[in-house]
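Here is a short report for a first look at this structure. Please keep the sequence and the model at hand while reading.

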Amino acid sequence: MADFKVVNKPIRKKDAMALVTGKPVYTDDVTPTDCLVVKVLHSPYAHAMIKEIDVELAKKVPGIEAIFTYKDVPGKRFTMAGQTYPEPSPYDRLILDQRLRYVGDGVAIVAGETEKAVDKALKLIKVNYEVLEPVLDFRTAKDNKVLVHPEENWEALCPVGADNKRNLCATDTSEYGDVDRVMAECDVIVENTYHTKANQQAMMETFRTYTTLDPYGRLHVIGSTQIIFHVRRILANALDIPKSKIRVTKPRIGGGFGAKQTCVTEIFPAFVTWKTGKAAKLIYTREESQIASTPRHEMEIKVRVGAMKDGTIRAMDVYTLSNTGAYGEHGPTTVGLSGQKSISLYNNNLEAYRFGYDVVYTNVQSAGAYRGYGATQGIFAMESAINELASKLSMDPVKIREKNMVKEGQIMPSYHDEPNSSCALDRCMTRAKEMFDWDNKPLAVDLGNGKIRSIGVAMAMQSSGISGVDVGSATIKLNDEGFYALSIAAADMGTGCDTILAQMAAECLECDIDDIIVYGADSDSSPYDSGSYASSTTYVTGKAVERACLQLKEKMCKIGAEMLSCSVEDLVFQGKKISKADGSEEITLMDIATKSMCGNTEATQVTASHSSTVSPPPFMVGMVEIEVDKETGAVELLDYVAVVDCGTVINTNLARVQTEGGLAQGIGMALYEDVTYNSVGKIYENSFMQYKIPTRLDVGKMRVEFESSYERTGPFGAKSIGEIVINTPSPAIAHAIYNATGVWHRELPITPEKVVMGILKG
Amino acid sequence: MQIKLWINGKMVTEDVAADTLLIDFLRAHGCLSVKRGCETSNCGLCTVFVEDKPVLSCSMLVARVNGKKVTTLEGLQEEAEDFGAFIADQGAEQCGFCNPGFIMNAIAMFRENPDPSDEEIKQYLAGNLCRCSGYEGQLRGIKAYLSFKKENGGVC
C-alpha cells in the first residue's frame, strides 16, 4: 500500500469536540423556537376513507394558525424516496390523502403558536371515517381484491413492473444459465424460506424539519436529512412549485442510517410555511418515528441452493417477497439487493441462478431505506441456507465458503456482470479464523451449567454507490494564507464524511487536515451530490474530491509559473510551496493565495464531479461465539470477530467504529428488534419500551480488523464501509443458535421465547 | 406556580405551568445540550444532574427541582472536554446526539467510582443508548481516559 500521510490515519473528526461538549449544532438547536409548532393527526385505521372532516372547532383554539386536510393540498402524486430522478419508486403519495393506507398515515396538519394549543386542536378535529378492509398480510397482497392504491393518477416513472391494480410496487425475474438443469444434476438441494422484519433505524435524533421564507420569498428548509438535493425536488413535486423556490440546508444530523434518505417530515412544515408565510417546525416524537416513518422492508425470502457432495455450489434460486407497506419508497430498489448481494458471494463455481421478486403494497407502515438496503435481508437468508447446506453435508461451514466464495478478478453475472476488481474476502476469512481460533473450537459445547456455548459464521458484501447513477461533487478553493475550503453536499450524519473527505483533500494537496475547512450542505451553494446513501460518499464523492484537488494544484502551479516566469513543467508542488525542479526558486502557497486576490485572472477554485460505471463491493466475514441458556432461551453474545475489506481504510478509527456500530445494529436485528401488528394493523412496538435496541450490556466483545484490497477506481484505493457491516450478525448468530440447540431459526428476531420453544419442540 | 432553582450555578426564578418537564424548561433556558431521544425514559439522552445526581430530565417535572441545583453539560464544559477528547480520539462520538447524556452519566460514574471495572462501566451506563457506535469505542475511550488519569495521578 502507498505511504499515505493523512489518509489511512486515525484522525479525529472535525466536529468531534463540539459534539462531546454538547454544543447546539442540530436542527432544533440552530433554528428559532418562536415559530409555528406543526403536528400531524395520524390515522387510527389501517385502511379508511375520510367521509367528512370538520376542523372548525379545532381552529377556534386560541393560538391555532392553520389546519389543513386533504382538501387543501395539491393533487399531483409524488414519492418521498430520496433517489435520482426519475425515481424508481412510484409516485403514489399526496401530502394528505382522502384514502388512509396505514395506522399512522396523515389525516390533517395542524399549526399553532404553542404545542399545547396544537395538541388541543388535534383532539377537536372531527373525522368521520369509512373503515375499509385492509391488506395486512403481505403474503396475500398480490392480486388481492382490496387495493392499496386504486387511484387513477398513481404513476410509476420507471419500468419496474409496478401495477397498482395488482398491489404490485415492483416485480421481476432474471436468470443466468439453466437453473433447472443444473439443480437436477446436484447431489443435494437445500430449500428454505426466511423472514425478516420491518426494523427501525432508530437513530437517536428523531425526524425533524424547520421551514421559513428567506428574504427572496423562497422556502428555506433546514432539516435533518441525508439528501438535500432530493429534498428540493420532492418538495417541489409535493407543493407543486418550482424547484428554484426552494433551498435546503442541513446542520449536524443526529444519525440517519437511511431513515433520512426519505422525506418523512419535510413536507408538513414546508406546506405550512408555504401557505401561511410563517416559519414552522415539526419534530416527530419517538412514537411517530416508530409508526409513521420509513423502516426496513419486511421480506420473505425463499432460497434454493444446489450443491455437490464435495460442497461445490452450482446453482441458486432466490425468490423475495418484499413488503413496501402503504407507499412504495425504495420498494423497487431494495429488493434487488436481496438477490444480487447474496448470490454474488458464491460466484466461484456457480453455473446458474434465478432471482425473482415481487414487492407488494399492504396497509402497514411504509418501508424505506435502512443500512444494508435489502442486502441485509438477502444475506440473512443466503448465509443461513449455506450454513444449513454445510450442516447437511457435514462440512465445515468455513470450508464450504472458502470453496465457493467469489474471488478477485472474476466476472460476477449476478452483479451486473461486473468484474470483482478488488477482493480480499479470502484473506478476511483466513484472518477471522486466526483471530477466532475457528479450527480449534467445537461448534457447540455443553458447559454443564444449563448453558451451551456455540459458534457461527457468515460472510457479506455490499456495494460502493449506485453505478452509473450516483454523482458526487466537490468544490475546493484556495483562500488567504493558503488554507483551503472544501464544499460538499454529501451529508455527514455522524459518520465523519466531512473529515474523511478533508483527509483526502489534505493528502492530495500535501497539507495538514487543519488547513482544510469543510462546508456542507446547502442546495443553493454546494456542488451537486446525490446525497449520502448507498455507501457512496467515500467511493464516489471521495473521487470527486481527489479530482478537484488535482485540478486546483494545476491551477496553483499555473499562477506560480506566471509569478516565477517559468513554465508549469518546471515546477514541483510541495504543499506549502511550489518550487522550481532545480531548486533555484520557490514561491509559497501564501504568496499564491495573495496573488489570487490581486490582479489575478486564474480562478483558484475548482469543482469536480464524479460518477462511477462500477460499484466495487466491500466484503467481510463475521464469526460469533454465544452462550445459550437452555432454560430461558436467552442468548448472550461473548465474542464477535469481524474482518472487513473496504479497500483502503481512509480513517482507521471511523471505519472501526462504523463496523462496531453496524454489528450492534445487526445484533439488535438478530435478537431483539421486532415489529408486530395487532389484528387491525397497529404496531405494538411504538416506543423504545417495546422496540428494544441493544444496550452496551447486549453486544458482547467485538474485535474488528481490516484486510484491505486496493480498488483502483476508488480514491486512494478505497471502497465503502457504511452498510456492509450490518449484514453478518443475523446469519452468524442464527447459525450459532442452531449449533447450540439443533434448531434453525428462519425468522428474526430470534427471541428467548423462540429459542426455548424451539428447544422444547426439539 | 413559582419556582426557584439554580441552573449551572445561576439562580432562576420563574412562574411555570405545573406540567412543565425539566428537559423543556432547561432547553428554554439555553441548555441546548439536553436532548430528547424518546418519551419513555429509555434512552438516557436527557440526563442532567439534580444536586449532583444524574436524573432523566424528560421524566421529571421542573416543579420537583424547586430549590435545587441543576447541572447540565453547559456547566461542565471543562470536564466534558477532558473526557470527551478521549471519546473523540476513538471516533466514538459519531453523530453526537447521545453524547451529552452519555458524558454526563460518565462524569457521574467517575465521581462515584473512580476506578470502575469494564463490567461496572457497562452496568452504570446501560441506560445510555447509542445507535451509532456499538459502544466498544465508548468503552475504549473511557478506559483510555481512566488510565490517563491514573498515570497522571489525577482525580476524576
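In which loop of chain A is A:Asp417 found? A:Asp417 is found in the loop between β16 (411-412) and β17 (418-419) of chain A. Helices (H or I, at least four residues) and strands (E, at least two) are DSSP runs, numbered from the N terminus.

This is a predicted model, in which local features need pLDDT of at least 70 and side-chain atom pairs count only at pLDDT 80 or more, while totals for chains, interfaces and linings use all residues. Residues are numbered from 1 along each chain as its sequence is written, and chains are lettered from A and ligands numbered from 1 in the order in which they are written.

**Backbone features**

A:Asp417 is not a glycine, yet its phi is positive, about 60°. A:Asp417 counts as exposed, with 9 C-beta neighbours inside 10 Å. B:Tyr135 also is a residue other than glycine with a positive phi, near 75°. B:Tyr135 is buried, with 27 other C-beta atoms within 10 Å. Buried means 20 or more other C-beta atoms within 10 Å of the residue's own, exposed 12 or fewer, and partly exposed in between, with C-beta atoms placed from the backbone. B:Tyr135 lies in the loop between α4 (118-124) and α5 (136-151) of chain B.

| Cis bond | Omega | Loop holding the second residue |
|---|---|---|
| A:Gly520 to A:Ala521 | about 0° | between β22 (516-519) and α14 (537-564) of chain A |
| A:Leu748 to A:Pro749 | near -10° | between α17 (729-741) and α18 (752-761) of chain A |

**Strands**

In chain B, β1 (residues 2-7) and β2 (residues 10-15) pair in the antiparallel sense over 6 bridges. Strands pair if DSSP finds at least two bridges between them. B:Gln2 stands opposite B:Asp15 in β2(B). The hairpin has 2 residues between the strands, and B:Asn8 takes a positive phi near 50° there. β1(B) also pairs with β5 (residues 69-71) of chain B, in the parallel sense over 2 bridges. There, B:Ile7 has B:Val70 as its bridge partner.

Chain A has an open sheet of 3 strands, in the order β4-β2-β6, with antiparallel pairing. Its edge strands are β4 (99-100) and β6 (126-131), each pairing on one side only. Strand β2 (residues 48-54) is joined to β6(A) by 6 bridges. A:Met49 has A:Glu130 as its bridge partner in β6(A).
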